[in-house]
Amino acid sequence: MSAKRIFIKGNEAIAQGALDAGCRCYFGYPITPQNDIPEMLSSAMPAAGGEFVQAESEVASANMLLGAAACGVRAMTTSSSPGVSLMQEAISYMAGSELPGVIVNMNRGGPGLGDIGSSQGDYYQSVKGGGHGDYRTLVLAPASCQECYDLTFEAFDLAFKYRNPVLLLGDAIVGQMKEPVTPRPALPLDPEAGADWKLTGRGERAPRILKSLFLDDGALAGQNLHLQQKYRSMQAEVRYEAFETADAELIVVAFGSIGRIAKSTVRSLRAQGFKVGLFRPITLFPFPEAELRALAGQGKRFLTIEHNLGQMVDDVRLAVRGLTDSDFFGFLPGNMPTPEDFDAPIRAAVKGA
Amino acid sequence: MSLYQDVIIAGFGGQGVMLIGNLLAYAGMEHGLNVTYIPVYGPEMRGGTANCTVVVSDDAIGSPIIRSPKSLIIMNRPSLDKFQPQLIDGGVLVVNSSLVDPALADASRVRLVPVAANEIADSLGNTRMANMVALGAYVEATGVLPLSAVEDSLGHVIAKHYSHLIPKNAEALRAGAAAVGKA
């Protein structure tokens, strides 16, 4: 065994991953079920020489994130569904101004105040924009405490690599559960990061402006084309887990906590002789479209399972369009999903051949 | 045969069910295994049962949430009513017989392990260690981990200002283990 494992909540793993990745500015406003993150960072961030600010609202924390990002600092804000709704304007501005920052959404039940339990109801908001304008954010969906750590750690690199907001979409389950996590060596801060665009005080160099307003003739068209090209290049970041898909006749597609819970169901059905597998997208944008399409090309059928009433299933259907379709099973928010809940839907989908 | 064990630990707030869940999971990790711990919140938070689920395995763990557990640690009556029907046939049912009449357990369907956790903890000097007694009995009955692994992990889950209580808690774990089969 290499590094020593630590036993922490998914929320704490996110906080630790951010610290180890060199995040030195945190802004947030309390909301369940992610309060372990600001609670931990309120002491750990100052101890690491960074800034912790409990903002007056989520609108403020997201705009503080924009400001820190403009200075080229590794910065993060975290919240849960209703709070993330309030951040959407700033996220759109960050995308438009090409600013790197990490936003964590530990999804809870909705719409509105919903509840404090687990849900995947924010898939559309996370993946299809959320704010206004034709923009995308990288969206990472952890299913374990280790992934909470690793994906947060890597989110900062991705944000700076693409000069783009990166969204981590977890939920109440992965945030509240505890697992062993192997941390990585902390990254030294790179003083050169963003050297060609960040605002540092003009001094002797040419003036810089970071903006999302483009009024000159054709300027906004050019900016949108440039952004789209960047979003297409993000395809290089596609990640997923494929479990027992090689000889599977039916593939369950599920992300995050639901992906790992469905994995238990798939294992149990495998043991009973059913040829089922699991495909778990880890990046929700970019979506692992080509990989799903390849599986569809092999004649496999699909069942998408989500903790909502059907959102990611749209992207699965788009991926396999013209070849096959995907069945859907939605587990309602307000309840705790267990492997047994997915047993009957998977059996029914297997029979549906 | 791969190692896999899951347990729901349930009682009322203040009985320390979350603490022994953490302890069991931590000990599993230190023993080189994969573990998950999840506190399960719901409407039962108010006045009813507090519970958590721990999974220990030498394989990667899928679901941290279990509806049909292989074992239970039941610290009070409402928890027995709620979780006994979910326990798999032949599953291990550790019952705090100080507060729950073991006759309520379906001994023909499950493997009943009664332990007078409150009395034993009392005899060691503090009723509040009933949770440790029950965990000791559980570890002995299931063999999921060596008891020493659990004892060695006490220092990691008990807050520093209570560290003087660790030897007594280790004693409570051993007393619970020793009580298995004697009730």
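Before anything else I noted how axes work here: they are lines fitted to C-alpha atoms, for helices over the stretch in contact, and angles run from 0 to 180 degrees between N-to-C directions. Helices (H or I, at least four residues) and strands (E, at least two) are DSSP runs, numbered from the N terminus.

**Ground rules.** I'm looking at a predicted model, where local features need pLDDT of at least 70, side-chain atom pairs count only at pLDDT 80 or more, and totals for chains, interfaces and linings use all residues. Residues are numbered from 1 along each chain as its sequence is written, while chains are lettered from A and ligands numbered from 1 in the order in which they are written.

**Helix pair in chain B.** I started with α5 (residues 147–157) and α6 (residues 166–179) of chain B, which pack at about 160° with axes 9 Å apart. I looked up who meets whom: Leu147(B), Val150(B), Glu151(B), Leu154(B) and Gly155(B) of α5(B) face residues of α6(B) including Ile166(B), Leu173(B) and Arg174(B). Contact here means C-beta atoms, placed from the backbone, within 7 Å. I get seven nonpolar, two polar and two charged residues in the contact of α5(B) with α6(B). For those classes, Ala, Val, Leu, Ile, Met, Phe, Trp, Tyr, Cys and Pro are nonpolar, Asp, Glu, Lys and Arg are charged, and the others, Gly among them, are polar.

**Helix pair in chain A.** Next I checked α1 (residues 10–20) and α7 (residues 145–162) of chain A, whose axes come within 7 Å and cross at roughly 30°. That crossing makes α1(A) roughly parallel to α7(A). Among the residues making the contact I found Gly10(A), Ala13(A) and Ile14(A) on α1(A), with Cys145(A), Cys148(A) and Tyr149(A) on α7(A). The contact of α1(A) with α7(A) divides into seven nonpolar, four polar and two charged residues.

**A sheet in chain A.** In what order do the strands of the five-stranded open sheet run? I read β9-β11-β10-β13-β14 in chain A, with mixed pairing (two strands pair if DSSP finds at least two bridges between them). β9 (240–243) and β14 (326–330) of chain A are the edge strands, each pairing on one side only. Neighbouring strands of this sheet are turned by 20° against each other on average, direction ignored. I zoomed in on β10 (residues 250–253) and β11 (residues 276–281) of chain A, which pair in the parallel sense over four bridges. Val252(A) has Leu278(A) in β11(A) as its bridge partner.

Helices pack here too. α10(A) touches β9, β10, β11 and β13 (301–306) of chain A, and its direction makes about 165° with that of β11(A). α13(A) lies across β10, β11, β13 and β14 of chain A, at about 160° to β13(A).

**Where the chains meet.** I found 17 residues of chain A in contact with 16 residues of chain B. On the chain A side, β8 (178–181), α10 (256–271) and α13 (339–351) each supply at least two residues. Which element gives the most to that side? α10(A) does, with five residues. The side of chain A that touches chain B has seven nonpolar, three polar and seven charged residues.

Notes:
Two residues are in contact if their C-beta atoms, placed from the backbone, lie within 7 Å. Angles under 35 degrees count as roughly parallel, over 145 as roughly antiparallel, 65 to 115 as roughly perpendicular and the rest as oblique.
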